[in-house]
Amino acid sequence: MTDIPTFVYEALPSRVIFGSGTVARLAEEAERLGLARVLVLSTPQQEGLAREIAARLGARTAGVFALAAMHTPIETTERALAVVTDLKADGFVAVGGGSTTGLGKALALRTDLPQIVLPTTYAGSEMTPIIGETRDGVKATQTTRKVLPEVVIYDVDLTLSLPPSLSATSGMNAIAHAVEALYAKDRNPIIALMAEEGTAALARSLPRIVETPSDKSARTDALYGAWLCGICLGTVGMALHHKLCHTLGGTFDLPHAETHTVVLPHALAYNAPAVPDTMMRLSRALQAKDAALALYDLAGRLHAPRSLRELGMPESGIGRAADLAVKNPYWNPQPVERAAIRALIARAFAGDPPG
Ligand code: NAD
């Protein structure tokens, strides 16, 4: 880079253990934190894994709470809090994707107890001080370092079972963090390095994973990329793409990672004229001339959804989504204008290539 601008870089504290078989380090890490009564968290689908993890912790386990759910419902958090009190838990191990990490964060927010996270998707929540919680169907997000996990153990082996379709959309969700970090208002050269590297690692590994889900070298590349993209999300502010996904997901109850996958090429194309440096870096990472089209093509190669229609959004919702997307102003590199946003959503709805 020739022109280094004035910038602020604020790193978030984290201890990360990365590799294959690293789950074997869990008991040692719990001991380092002085934990003696750990509550292991998971979704109902991953309860078996949570019980294996609990067995590894041996006498340091207080119990397993396997009711984590998408979008961190407050009622689930309250049920878990009662278990924390009953069992006198002194820390949490969250094993799973963003839903389980979200529950661990919600508990840390209320108890200040330490968390160890074992991520099994590419969502990246374990690297962010952000928590979104749902009460009566309404999701509210806050940012506080109280929810930042003390230790993150990335074990590639735990990701081998992630189905190809989830791997694809979860990976595209991670790339979205990097894309918006590159043109963030508070972007900086350090985060740009991570964003470019994270995007490249995911773009080259995801097609291999979809073809051969047990390909450990591709899984390693993807998890490494997802980690970097998670740091991007946790460190700088997001813009149009994340706001749109939040609006669409909340209004039409669309699935999280799939919505990111569909919207990303369109949001990037919308911002492209205002962010030449981002487009140059993404072209390099994706090895393509047109980065927005390359992301659309990547989703196609991954057999991932490319239209909001197939995610269940009603066509009549396009106008309402456009209204909501421009309702509360926020920073974006390109002015957010209703007609252009409506056109963006209409293309994403139909599954057309980015305009
Ligand atoms: P998820 O955690 O909901 O997981 C989806 C499903 O896949 C679950 O049933 C889970 O048990 C299963 N699963 C996860 N890993 C698996 C594996 N390796 N093998 C087999 N099954 C597996 O999905 P997600 O996309 O990781 O997380 C989405 C949630 O995370 C959303 O609520 C989103 O808002 C939140 N999120 C928050 C942040 C943040 O910074 N706060 C960042 C990203 C995502």
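Select Glu-29 and Arg-15: their side chains meet in a salt bridge, 2.9 Å from N to O (a side-chain nitrogen of Lys or Arg within 4 Å of a carboxyl oxygen of Asp or Glu). This pair joins distant parts of the chain, with Glu-29 in helix H1 (residues 26-32) and Arg-15 in strand S1 (residues 15-19); helices (H or I, at least four residues) and strands (E, at least two) are DSSP runs, numbered from the N terminus. Glu-29 is buried at 0% relative accessibility, whereas Arg-15 is partly exposed at 31% (buried is under 20% relative accessible area, exposed over 50%, partly exposed in between; 1.4 Å probe, protein chains only).

The model is predicted: local features need pLDDT of at least 70, side-chain atom pairs count only at pLDDT 80 or more, and totals for chains, interfaces and linings use all residues. Residues are numbered from 1 along each chain as its sequence is written, and side-chain values use heavy atoms, with hydrogens and water left out.

Next, select Glu-196 and Arg-284, a salt bridge with its closest N and O atoms 2.8 Å apart. Glu-196 lies in helix H6 (residues 189-211) and Arg-284 in helix H10 (residues 276-286), 88 residues apart.

Then select Asp-323 and Arg-338, whose closest N and O atoms are 2.5 Å apart in a salt bridge. The pair connects helix H12 to helix H13.

Finally, which residues of H13 are buried? They are Ile-341, Leu-344, Ile-345, Ala-348 and Phe-349.
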